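Here is a briefing on one protein model. Please look over the sequence and the fold before reading on.

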Amino acid sequence: MLLVTERTFTQEVLESQVPVLVDFEAPWCKLCKIIHPILLQFQAQCGTEMKLVTINADQNFKLCNTYELKTLPTLLLIERGTVKQRLEGFQGRNDLRLALDGIKHNYNIKDHSFQPLFINRGLLEVGGDKQHLNK
C-alpha cells in the first residue's frame, strides 16, 4: 500500500484517474493491524482498477479533521475528489470483507489476484474456468 501524507494527498488521491480506497490508520490501532492483510488481498484483487493508500492519522491531523474522523480504522472510497463511501465501525473481518465485496461489485472489478493454472488431459483450467487446448 502506498503511504500518503497531507503533502501528497491531492496528487495521489484527489487527482487520481481511478477510484482510491483510503485507509486511515495508526500504529497503536490493533484493529488496523488485523484488517491490513484483508486490504492487501483486496488490492491484489483490484489490480490497477482501484488504488489503495494508507494514511497515518497521528501524523496527518489536518486530513483527519477535513474528513471528520471519529474512529480508526476509517476507510474512504474517493472518486474524482468526492467521497463515495465511508467504512467505519465495522465489527470484524467479515463485515469488512462484505463491504469490500460490495465495492468490487459496484465498480465491476474483476478479481486480478493470482489464479492457479492447471493443464490436465488437453484441458486448460484457470481459476476454475476450463478451456479445451485443441480448439
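In strand 3, K51 is the bridge partner of V20. Strand 2 and strand 3 pair in the parallel sense over six bridges; two strands pair if DSSP finds at least two bridges between them. This is a predicted model, in which local features need pLDDT of at least 70, side-chain atom pairs count only at pLDDT 80 or more, and totals for chains, interfaces and linings use all residues. Residues are numbered from 1 along each chain as its sequence is written, and side-chain values use heavy atoms, with hydrogens and water left out.

**Overall make-up**

- The protein has four helices and eight strands. Helices (H or I, at least four residues) and strands (E, at least two) are DSSP runs, numbered from the N terminus.
- From the N terminus on, the order of elements is β-α-β-α-β-α-β-β-α-β-β-β.
- Of the 135 residues in the protein, 37% are buried. Buried means under 20% relative accessible area, exposed over 50%, and partly exposed in between (1.4 Å probe, protein chains only).
- Among contacts with a separation of 6 or more, 65% join residues 24 or more positions apart. Contact means heavy atoms within 4.5 Å.

- Five strands form an open sheet with mixed pairing, in the order 1-3-2-4-5. Strand 1 (2-3) and strand 5 (82-88) are the edge strands, and each pairs on one side only.
- Strands of a sheet pair through backbone hydrogen bonds, either parallel or antiparallel.
- Strand 1 pairs with strand 3 (residues 51-56) in the parallel sense, over two bridges. L3 stands opposite T54 in strand 3.
- Strand 4 and strand 5 pair in the antiparallel sense over six bridges. Here L75 stands opposite L87 in strand 5.

**Helices on the sheet**

- Helix 2 (residues 30-46) lies across strand 2, strand 3 and strand 4 (74-79). Helix 2 runs at about 165° to strand 2. Axes are lines fitted to C-alpha atoms, for helices over the stretch in contact, and angles run from 0 to 180 degrees between N-to-C directions.
- Helix 4 (residues 93-106) also packs on the sheet, touching strand 2, strand 4 and strand 5. The direction of helix 4 makes about 160° with that of strand 5.

**Strand 2 and D23**

- Six of the six residues of strand 2 are buried, so the strand is largely enclosed by the rest of the structure.
- Both faces are covered: V20, V22 and F24 are buried on one side, and L21, D23 and E25 on the other.
- D23 sits in strand 2 (residues 20-25).
- Not counting residues up to four places away in sequence, D23 touches M1, L39, V53, T54, I55, P73, T74 and L75.

**Cysteines**

- The structure holds one disulfide, defined as a pair of cysteine sulfur atoms within 2.5 Å. C29 and C32 form it, with their sulfur atoms 2.4 Å apart.
- The torsion about the S-S bond of C29 and C32 is about 80°, so the disulfide is right-handed.
- C29 is buried at 4% relative accessibility, and C32 is buried at 6%.
- C46 is buried with a relative accessible area of 0%. C64 counts as buried at 9%.

**Loops and backbone**

- A cis peptide bond joins L72 and P73, with omega about -5°. P73 is in the loop between helix 3 (61-66) and strand 4.
- E68 is in the loop between helix 3 and strand 4. E68 has a positive phi of about 50° although it is not a glycine, and it is exposed at 54% relative accessibility.
- The hairpin of strand 4 and strand 5 has two residues between the strands, and R80 takes a positive phi near 50° there. R80 is exposed at 69% relative accessibility.

**E88**

- E88 is found in strand 5. E88 is partly exposed, with a relative accessible area of 33%.
- Leaving aside neighbours within four places in sequence, E88 is in contact with T71, P73 and T74.
- E88 and L69 are 19 residues apart in sequence and 9.1 Å apart in space, C-alpha to C-alpha.
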